[in-house]
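Me: I am new to this structure and would like a close look at one part of it. Please start with the chain it belongs to.

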Amino acid sequence: MVDNVAGLARTGLRDWLVQRVSAVILALYTLFLLGFLLLNPDLQFADWQGLFAQGWFRMFTLLSVLSLAGHAWVGVWGVSTDYIHPYWLRLLFQVVVILALVVFVAWAVEILWGN
Amino acid sequence: MVVLRTVNKKRPVNLDLTSIRFPVPAVASILHRVSGMALFVATPLLLWMLERSLDSADAFDALKATLDGFLAKAVVLAVLAGLLYHLAAGIRHLFMDMHIGDTLEGGRRGAWSAIAVAAVATLLMGVWLW
């Protein structure tokens, strides 16, 4: 049984932990953002920009996008190993997903700190 | 060999797929996967919306106008449906990690709850959008 979460090797237990921790961060971010939008029905640019101008919210957003990358990787990896059986096709799919996730994170950084 | 053949013949064979029903937890699990994949695909759209909304006041207003259309609202609602279901099913998983609702009956109840909560929340979002 694998019981070392902190080791360097990729383990199912580590995937489990990454999935859970990222899930909690993403849940908090989702609920916060939905709440913010529901509480501001006639949202204007200044308020929206004001939210994202705050350092803590930028960090919260970056943390959430990083969580999304880790969370999506564990999920998509699981789905791909179940349904894509030809080795090279699965490898290709997983590489494309990893590249997409890196682009998502870089894009988010650009949006948050680009200008 | 003879014994094996008789055993094989006694096995029930059901090729009528329409008579096979998934248990609710199986449906909840598949929906969790489908919604997760859908959210992965929808991420560029959400990032694009975030980019436009923070670019300038003009871009913000233009995005607001775009999102006011029927088709745009339908797409947003679809993304919200996936998000809310994935969230509800995910919270159910966290409860089951703590051994809350991880019995057979608890699993069925939890699966129904996740589907029901997401359906009601999505309905409310639809009312809010229109």
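Of the 115 residues of chain A, what percentage count as buried? After that, please look closely at A:Gln94.

Reply: In chain A, 39% of the 115 residues count as buried (under 20% relative accessible area; exposed is over 50% and partly exposed lies in between, with a 1.4 Å probe and protein chains only). This is a predicted model, in which local features need pLDDT of at least 70 and side-chain atom pairs pLDDT 80 or more, while totals for chains, interfaces and linings use all residues. Residues are numbered from 1 along each chain as its sequence is written, chains are lettered from A and ligands numbered from 1 in written order, and side-chain values use heavy atoms, without hydrogens and water.

Chain A has 4 helices and 0 strands (DSSP runs numbered from the N terminus: H or I of at least four residues for helices, E of at least two for strands). Its C-alpha trace spans about 50 × 30 × 25 Å along the principal axes.

A:Gln94 sits in helix α4, which covers residues 87–113 of chain A. A:Gln94 counts as buried because its relative accessible area is 11%. Its side chain makes a polar contact of 2.9 Å with that of A:Ser80 (N or O atoms within 3.5 Å; within protein, one able to donate a hydrogen and the other to accept it, and residues adjacent in sequence counting only if both atoms are side-chain atoms). Apart from neighbours within four places in sequence, A:Gln94 is in contact with A:Trp73, A:Trp77, A:Ser80 and A:Thr81 (contact means heavy atoms within 4.5 Å).
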